[in-house]
Amino acid sequence: MSSLEAIVRELRKAARRALGARYAAHALVGAVAWVAAVMILVRLVPFERRAELAVLGIPVALAIAAAAWLIRRPSAALLMAMADIRLGLKERLSTAWERRAESGPLDDAQRHDAVQHAARASLPAAFPVRVNRGEATLVAILAIFALALALLPNPMDQVLAQRQADRVSQARAAKAVADAKKKIADSGKPSPKDAQIQKILQDAQAKIHEADSPRKALESITPAEQQLQKLADPGTPALQSSAQNLANALSGTAAGRSAAQAISTNPAKGAQSVRDLASQLQSLSPKDREELAKALAKASQQAQNSQMRDSLSKASSSLQSGDAASAAQALNDVASQLDSLQEQENTDQAVAAAINGLEAARQGLAAQADRDANGQGGQANAGASPSAGASGNGNGNGTGNGTGNGNGNGTGNGTGTGGTGGTGGTGGTGSNGSGTGSGSGAASTERIYVPGQPVPGQSENDPTPLGPGQDVPLSPYTQVIEAYQQAALDATDQSLIPGSERDLVREYFSQLGEPRAAK
């Protein structure tokens, strides 16, 4: 070596290499320990992004080790002293370095002697790159431990699968509600209450998305359906019946035949046709006026809506008295009522579509809630996708014309609403709700029988034979509750039970297995 400074530079390079290898080993220990800790944590706490969390610790450990390597810079005096010890130079280098600025009679000779001995020695050997056996063993143990934890079954996997299935079911339910919103918006039949219906569906969709579980999401559906049912006008069935009776009465007259056909098509066309009829009263012959007056009087007598009854009666009496202007004004009032009927029918149809969407959402959420209660939350059927066009339950209770006419409850494929009023079919009405579709009906007072489980080897109708004095055999409820729950749920699915009541049945059975709080 030419100088002490060159010796220091060589020693510093060797020391940095050795120190870098040591800190790399420390970083490897830290990274493997982090991975092992994450593997332990994810077996105790359900955590979805476990791989990202485990990998995140590796660059962090490397960054910490690199920072420590950069910060730690041994001094030249320390490097010389360690080289003296490890290379057997008997403090030549450290002494020469300490007296490098001195100019005594022996200092030059001492520095020259130190440089000569350093040139004959292998300076990098003072700081060899070594692997610590203890750290290598620790890395191997931690790596094997982490790998074993990663390969062994994790009990939290089922929890994560259930969470994923819950999110999927809630996403599908929210989509069913969104589809119902889109269907209402694209229907082409605007209703004055469309904004309220959309707001109710929007709120329900948000609550379904934000719910902690499908069971919590179910709690937002029944209130939304109740709000929608309140938007339906209870007077719609009476107005529909009055309009149909008017069409029937006008169909027998020459002047009102076209108006009758228009009313039967839809109330909006009927309103325009009635206005046209009102404008033509002056040109009608006395015979046609008399015939039309009788038809209007007949329709007035059959009208169930008081406003339409009064308007029809006024039109009839005005025609009979020869006051065509008053009769025209009364018929224009009838046309306005038909316009109102069209808006009400549009509202009822929008309400029915909205409730159908909510019922489709309820079915998917209820199925997932049942799987969660049975411990099979992660085994959701990925191919089952509810849609807003799924079949709904319709309730009719009243009289009307067209499908949906009658008393009782009916189920079938189609749309239906219940509560304060609704429409169904091609004009079917009910004074307390209506629905479309066909199927069997059940009286509102009918009781649902949930069958018990028969004894193996015996028919359901035969009781278990008992000997004299023999007690009735009992079974722990934990052994039979699952069968009874399934029987109850099957019965609710096959019967005309509202969705909110089905939720109560599910909640009842799900709470039977929960441990009671200590008193």
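In helix 7, Gln-170, Ala-171, Ala-173, Ala-174, Val-177, Ala-178, Ala-180, Lys-181, Ile-184 and Ala-185 meet Asp-194, Ile-197, Gln-198, Leu-201, Gln-202, Gln-205, Ile-208 and His-209 of helix 8 (contact means heavy atoms within 4.5 Å). I sorted the residues of this contact into 11 nonpolar, five polar and two charged.

The model is predicted: local features need pLDDT of at least 70, side-chain atom pairs count only at pLDDT 80 or more, and totals for chains, interfaces and linings use all residues. Residues are numbered from 1 along each chain as its sequence is written, and side-chain values use heavy atoms, with hydrogens and water left out.

Next I checked the axes. Those of helix 7 (residues 156-185) and helix 8 (residues 194-210) come within 9 Å and cross at roughly 170 degrees. Helix 7 is therefore roughly antiparallel to helix 8 (angles over 145 degrees count as such).

I moved to helix 15 (residues 306-321). Its 16 residues should span 22 Å at 1.5 Å a residue, and the end C-alpha atoms are 22 Å apart, which agrees. I listed its buried residues: Met-308, Ser-311, Leu-312, Ala-315, Ser-316, Ser-318 and Leu-319 (buried means under 20% relative accessible area, exposed over 50%, with a 1.4 Å probe and protein chains only). They fall within an arc of 165 degrees seen down the axis, so they line one face of helix 15. The face turned away carries the exposed Asp-310, Gln-320 and Ser-321. The buried residues pack against helix 11 (236-250), helix 14 (286-302) and helix 16.

Last, I looked up Asp-372 in helix 16 (residues 324-373). Asp-372 counts as buried, at 18% relative accessibility. Asp-372 and Arg-215 lie 157 residues apart in sequence and 9.1 Å apart in space, C-alpha to C-alpha.

Key:
Axes fitted to C-alpha atoms, helices over the stretch in contact; angles between N-to-C directions. Helix = DSSP H or I, 4+ residues; strand = E, 2+ residues; numbered from the N terminus. Parallel < 35°, antiparallel > 145°, perpendicular 65-115°, else oblique. Nonpolar A, V, L, I, M, F, W, Y, C, P; charged D, E, K, R; others polar. Expected span 1.5 Å × (residues − 1). Arc of directions from axis to C-beta.
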